[in-house]
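Dear colleague,

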Amino acid sequence: MTRSLIRRSLRSPAVRTSAVVASVVLVAAGCGSSGSSGGGGGGSVKLKYSLWDDNQLPQYKKCAEAFHAKNPKITVEVTQTAWAQYWQNLTTQVVSGTAPDVFTDSVLYFPQFQKNNQILDLTPYIQRDGVDLQQYQTNLADVWTRDGKRYGLPKDWGTMGVAYNKEMAQRAQLTPQAFDALNWNPVDGGDFGRAVAAMTVDENGRTGLEPGFDKDKVKTYGLAIAYEGGAVGQDSWGSFAVSNGFQYVDKNPFGTKYNYADPKLAQTLDWFAGLIKKGYMPAYDKQSTVGADGLLQSGKAAMTIAGSWMAKTYMADGKVAFAGMPTGPAGRKTPINGLSDAVYANGKHKEEAWQWVKFLASTECQDIVAAEAVIFPAITSSSAKAEAAHLAAGRDMRTFTQPVATPGQTFVLPVTDQGDRILDIVQSAVDRVWLGQADAGSALGQANSDVNALLKK
């Protein structure tokens with residue numbers, strides 16, 4: 001995706017930015033498009049279900065097969081489209097009446113779909129069928145509510161960590177234990193800042209801590225981040241800013257005032273911009289075509305900030321490990337973020353669509369997802385099975401699970417109206433900081449005014 005809010009990249013390269021579309025159609029004999037439910041009489045129904053993460057497509061194909069076995073008159077067509085094209089298509093389809101019956105939803109777009117009556121209030125169905133909302137990881141279900149109504153059931157969650165090249169860390173004399181104990185501050189960067197410098201190496205073999213280091217001829221950058229972090233900086237500045245005491249909004253969800261003018265956020269962004277000037281991070285315009293994940297995997301960057309959904313990809317060859325986010329002045333912080341499945345309000349098969357959403361949010365489907373060890377399912381028991389599957393494959397996921405079990409270490413990304421427009425405003429301001437065209441305080445001051453003016457409309 002071009003913006004990192006909840007990309008399944010928000011949830012980064014797990015979200016593919018290519019324009020490839022993959023479709024899996026689960027065919028049932030005699031399937032038509034008439035509107036009868038699978039459990040009673042009448043004709044058969046084929047539902048359309050859309051998602052954006054190609055790494056998760058196989059799991060949901062299996063879920064669709066299991067669902068069809070239980071509901072032989074309902075067939076699910078699962079379609080995967082890359083993030084940017086996914087939302088371009090969907091925002092047009094919900095207006096034109098051609099949206100899929102069920103689609104994966106993001107907190108970035110949920111409020112506008114709800115406000116425009118384009119997704120279905122699931123409250124009556126949830127109450128009728130007795131769905132246990134306590135089975136999900138804390139706070140995940142409540143993200144998708146407004147005015148006492150629920151517009152989705154949670155499907156997964158993820159937290160953030162520092163992905164680093166193990167060999168490069170060893171050369172810098174940083175053990176896994178040392179990585180997990182790093183602190184950070186926006187003044188001198190603390191231990192984390194020194195680690196970034198120590199793992200930056202120029203073409204003559206000098207590190208960023210050594211005299212004579214050439215910032216204009218860098219072979220390996222100590223850190224690469226997703227510069228296109230949108231309004232929240234999920235896989236870049238977000239955790240650092242919150243660990244510095246920053247709060248995005250006055251309340252969450254559906255706050256009425258953003259705090260982008262907070263000096264604590266400006267301090268954080270200016271610190272990152274300083275790394276670019278020192279040669280410890282690649283210039284924005286030089287990284288844009290490759291991305292932080294590409295630099296890490298090619299050995300041109302020693303570290304990046306990545307989500308738990310990337311662990312399987314990054315750790316596949318044994319060269320990369322994960323550590324917890326560094327501890328800032330306000331403590332160790334990481335966003336916990338999830339997705340939901342929403343029912344299109346103008347779909348022709350609402351009851352069947354609900355049955356599919358209920359199955360997606362059930363233990364049966366989420367255990368199928370857990371077995372593939374890509375993401376953590378929303379149901380706590382299924383999440384534990386995913387962690388066990390990771391461990392069986394040699395991946396210790398405590399970097400991501402311990403913050404969830406530790407009070408005060410996780411925070412929920414902001415959910416407000418105008419999310420897509422806010423993303424563009426804040427990203428444009430942050431772009432100026434990365435490019436050295438403005439300091440963070442001045443760039444974010446105007447952005448904050450523009451964002452809050454939007455919320456008053």
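Helix 1 of this predicted model covers residues 57-70 and has 14 residues. From its first C-alpha to its last, helix 1 reaches 20 Å, close to the 20 Å expected at 1.5 Å a residue. Its buried residues include Leu 57, Tyr 60, Cys 63 and Phe 67.

Helix 15 (residues 380-392) has 13 residues, which at 1.5 Å a residue should span 18 Å; the end C-alpha atoms are 18 Å apart, in agreement with that value. Ser 382, Ser 383, Ala 386 and His 390 are the buried residues of helix 15. Viewed down the helix axis, these buried residues fall within an arc of 105°, so they line one face of helix 15. That buried set packs against strand 8 (156-157), helix 12 (311-314), helix 14 (363-371) and strand 16 (376-377). On the face turned away from the buried side, helix 15 carries the exposed residues Leu 391 and Ala 392. Gly 394, which follows helix 15, has a positive phi, near 90°.

I turn now to the second largest pocket. Its volume is about 370 Å³, and 21 residues line it. Asp 180, Phe 322, Ala 323, Gly 324 and Thr 399 lie nearest the centre of this pocket. Which elements each supply at least two residues of the lining? They are strand 9 (160-165), helix 6 (176-180), strand 13 (320-323) and helix 16 (398-405). Helix 16 gives the most, with four residues. By class, the lining of the pocket has nine nonpolar, seven polar and five charged residues.

With kind regards

Methods
Residues numbered from 1 in each chain as written. Predicted model: local features only at pLDDT ≥ 70, side-chain atom pairs only at ≥ 80, totals over all residues. Heavy atoms only, no water. 1 Å grid on protein atoms, 1.4 Å probe; cavity = no way out; pocket = protein on both sides within 12 Å on 5 of 7 lines; lining within 4 Å. Points joined across faces, edges and corners; volume = space filled by probe spheres on them. Nonpolar A, V, L, I, M, F, W, Y, C, P; charged D, E, K, R; others polar. Expected span 1.5 Å × (residues − 1). Buried < 20%, exposed > 50% of the residue type's maximum accessible area, 1.4 Å probe, protein only. Arc of directions from axis to C-beta. Contact = heavy atoms within 4.5 Å.
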